[in-house]
Amino acid sequence: TVLVVDFGAQYAQLIARRVREAKVYSEIVPHTMPVQQMLAKNPKAIILSGGPASVYADDAPGVDPDLFTSGVATFGICYGFQAMAVALGGQVARTGLSEFGRTPVDVEHPGTLLHGVPAGSTVWMSHNDSVTQAPDGFDVLAFSDATPVAAFEDPQRGLAGVQWHPEVLHTEHGQAVLERFLFDIAGARPTWTMVNIVDEAVEDIRAQVGSKQIVCGLSGGVDSSVAAALVQRAVGDQLTCVFVDHGLLREGEAEQVERDFVAATGVDLHVVDAQERFLSALKGVEDPEEKRKIIGREFIRVFEDAAREIVAKAGAEGDEVEFLVQGTLYPDVVESGGGEGAANIKSHHNVGGLPDDLQFTLVEPLRWLFKDEVRAVGEQLGIPADIVWRHPFPGPGLAIRIIGSVDRERLEVLRRADAIARAELTEAGLDRHVWQFPVVLLANVHSVGVQGDERTYGHPVVLRPVSSEDAMTADWSRLPFELLERISTRITNEVREVNRVVLDVTSKPPATIEWE
Ligand code: XMP
């Protein structure tokens, strides 16, 4: 394990991901964790992340000097680099020269850490203070215009650091520098492979669940699918999956789950057709928040009924249902202050809040994984690519992509337009360049058109392709005009109710990804 000590910047998760890309397992820990507790995890190396603070600020998070005498290899990045310098007797000063963004550095002496990095290289910097003198015993490896000491190392003691951000893609040779630290200074080995990840997850699930029964809610999305497939591999015949078809899915999604997912994994699937129920509950409702509330409420009821049936059936056969699968991911765990002992923080998030009288213990096989790793596990488990690479899709489904009230006809119109847009995106080979591609039906707006010499009075649809890393911020995707044109032509030709196709060119913020 490599521990990434989080000093409160955005970079810790990125560092942890890059370490894992080097096939070394990493975990994020808060900087408030006592050194003894970090060492108790028996880490192969520790990485101190960047942070927003100046090392001389009153509330600057310090680094316990015991860390540097513990014998565990330690790498400081940005703030972590400066904190290491200060803790070991070097000098950090406010030089008045800041560096933000792309910055050239000169490698004067590559040493072990910068082995293979060319003398002149461009890196990503973000700092005010600078290290002006390295601590005793350290070799200075590089400098920049504003920073006399931009990288240093003492390989004998396993200590090294850089002022820049090697984890950021704009930094040239960033991954190589991280790997020199991991492999050549810390002596880590690249053993964290997909095969091992799956094997370990399967063992953990078996140990937790024993011979008890387990229930899983499948949404058709990547996370719940991969979580279910892992549990299936671990304790197959004890698992029952519930799939609630609320009628708000996109074309082909229900079939994908009912047919392809079951074929690939062999899960015991319990499909609840609740279309009528959701549609009548949504009848005439226009307010987005009200739509969400209704869908959430109905979902819980339907899931609860299904879970009760499964519990009752298992009980009749003398088994007990104790466990519920959740597709919680590592970023959720980190963001809710997690790590160990945080198992219940987001517990009922995905199923929308189960009632107290249905007591389950959660099984969260993805709680240590990032999204890209979840996808890789899905591929490893043989889940169809259509499911593994599916774009995120909101729980309330197409209901919040119809502006106005929701009914069967409108859903059908949107479903057809959405299917065309998705098919053309796939055809253009751009699925993985786009984070999400909502298509929105403006059902309460009419627009005038002319089709075959006749005036029409139809509806516009909005194309909302976005690029994003995590849905917190997003930018509109610059799709090729030819592709947009094909989508527009096909939708207006093939979906009679739609006579206008418009493109949403707003970033998030100020807009959100979804229209409702
Ligand atoms: P916004 O529209 O807020 O969406 O930029 C951010 C991400 O969240 C998804 N989303 C939802 N997911 N239930 C969900 O499970 C919801 O009510 C919901 N609303 C938005 C959205 O698709 C995007 O990925």
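This is a short talk about how the parts of one protein model sit against each other.

Okay, hi everyone. Before anything else, keep in mind that what we're looking at is a predicted model.

Let's start with the overall layout. The chain splits into domain 1, residues 2-185, then domain 2, residues 194-388, and then domain 3, residues 397-503. If you take their centres over the C-alpha atoms, domain 2 and domain 3 are 29 Å apart. They do touch: domain 2 puts 15 residues into the contact, and domain 3 puts in 13.

So, which elements give two or more residues to domain 2's side of that contact? Those are α9, at 275-282, and α10, at 288-316. The top contributor on this side is α10, with 4 residues. And what kinds of residues are on that side of domain 2? By class, you get 7 nonpolar, 3 polar and 5 charged.

Now let's look at a pair of helices. Helix α6 covers residues 194-209 and helix α12 covers residues 371-380, and the two pack with their axes 10 Å apart, at an angle of about 85 degrees. Angles from 65 to 115 degrees count as roughly perpendicular, so that's what we call α6 relative to α12.

Who's actually doing the touching? From α6, it's Met194, Ile197 and Val198, and from α12, it's Ala376, Val377 and Gln380. Sort the residues of this contact by class and you find 5 nonpolar, 1 polar and no charged.

Note on methods. Residues numbered from 1 in each chain as written. Predicted model: local features only at pLDDT ≥ 70, side-chain atom pairs only at ≥ 80, totals over all residues. Axes fitted to C-alpha atoms, helices over the stretch in contact; angles between N-to-C directions. Parallel < 35°, antiparallel > 145°, perpendicular 65-115°, else oblique. Contact = placed C-beta atoms within 7 Å. Nonpolar A, V, L, I, M, F, W, Y, C, P; charged D, E, K, R; others polar. Domains from an automatic or database assignment.
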